[in-house]
Amino acid sequence: MAAQPGTAKTGSAAAGTKPAVLRASGETLLALKRRARRINKALAEQYPYAHAELDFRSPFELVVATVLSAQTTDVLVNQITPLLFARYPDARSMAEADPAEIEAIVKPTGFFRAKTRNLMALCNRLVDEYDGEVPGRLADLVTLPGVGRKTANVVLGNAFGIPGITVDTHFGRLARRFGWTDSDDPVRVESDVAELFEPTDWTMLSHRVVFHGRRVCHSRKPACGACAVANWCPSFGAGETDPEKAKNLLKYELAPGQEALLAQLLAETHRAAEIRMESQRKPR
């Protein structure tokens, strides 16, 4: 599958680049927006079941799970949070907990001492300044211990329905490969990408791009030959282009042998999170 030309933009949204200004490839901002939105449409068709892969039932559970997800996988976090929240269901109970007990629960996620300190400091701030509730403003969230802009946007978009772009390692990598930005700085990436899409698209765009990064567009061996957006990706060819070989690089529900799981997700998109949770609990 041949890719259409295009390279990373040379100006950022913050710089106020105008549509008439050409990039090095000859791509105008208008052309970049059209290509970016075509990629988003293709990803929406590929992943109609895209969702937040951290399990949560409240803003509190989501902010805690997101803090724990640093330097580990969502799957691992989802395995330990049921016990954590059963013992400490709210900010006050966690703030008053024995640190050693929290450390014992979150230890599998790595950096457990630092994460425990952050969680307890976070919960103390929530109790002292927000009556135990997670605030719904970016300006407040980013002041909380262990909460950066990425975590704040995750919470706003998924717990409060406030549009946000979540720039994790997957999103940043794909944004650069797609030519949506040329920056490694998460704030700049967020700004550049926000210029290309309507705010109403930001949260779901984040889910779709992260899904694609985890399943297809891997860091070391992207499965270019099995990629739904290859026609619009300027980085096509960075990975395996042979369709059959690329298919064997796919992960999760797209991987060979997972056809039944994929079919179930496509048939019951409204139950995607529940189906994913069930599939991860099955014996390996």
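Predicted model: local features only at pLDDT ≥ 70, side-chain atom pairs only at ≥ 80, totals over all residues.
Leu205 lies 161 residues away along the chain, yet the two C-alpha atoms are separated by 8.2 Å.

## Helix 1 against helix 11

Two packed helices are described by the angle between their axes and the distance between the axes. For helix 1 and helix 11, the angle is about 70° and the axes are 10 Å apart. An angle of 65 to 115 degrees counts as roughly perpendicular. Helix 1 and helix 11 are therefore roughly perpendicular to each other.

Helix 1 brings Asn40, Leu43 and Ala44 to this contact. Helix 11 brings Leu205, Arg208, Val209 and His212. By class, the contact holds four nonpolar residues, two polar residues and one charged residue.

## His207 in helix 11

His207 also belongs to helix 11. Its relative accessible area is 11%, so His207 is buried, the cut-off being under 20%. Beyond residues up to four places away in sequence, His207 touches Ala50, His51, Ala52 and Asn158.

## The nonpolar cores

The largest nonpolar core has 40 residues. Tyr47, Phe171, Trp180, Val193, Phe197 and Val229 touch the most other members. Helices 1, 9, 10, 11, 13 (259-267) and 14 (272-281) each supply at least two residues of this core. Helix 1 gives the most, with six residues.

Val229 shows some of these links. Neighbours within four places in sequence aside, Val229 is in contact with Ile39, Ala42, Leu43, Phe178 and His212. Another core, of 35 residues, lies apart from the largest one. Its members include Leu54, Ala91, Met120 and Val134.

## The buried side of helix 10

Helix 10 covers residues 186-194, and Val189, Glu190, Asp192 and Val193 are buried there. These four residues lie on the same side of helix 10, because they cover an arc of only 165° around the axis. An α-helix has 3.6 residues a turn, so residues three or four places apart point the same way.

Notes. Residues numbered from 1 in each chain as written. Heavy atoms only, no water. Buried < 20%, exposed > 50% of the residue type's maximum accessible area, 1.4 Å probe, protein only. Arc of directions from axis to C-beta. Axes fitted to C-alpha atoms, helices over the stretch in contact; angles between N-to-C directions. Parallel < 35°, antiparallel > 145°, perpendicular 65-115°, else oblique. Contact = heavy atoms within 4.5 Å. Nonpolar A, V, L, I, M, F, W, Y, C, P; charged D, E, K, R; others polar. Core = buried A, V, L, I, M, F, W, Y, C linked by side-chain atoms within 4.5 Å.
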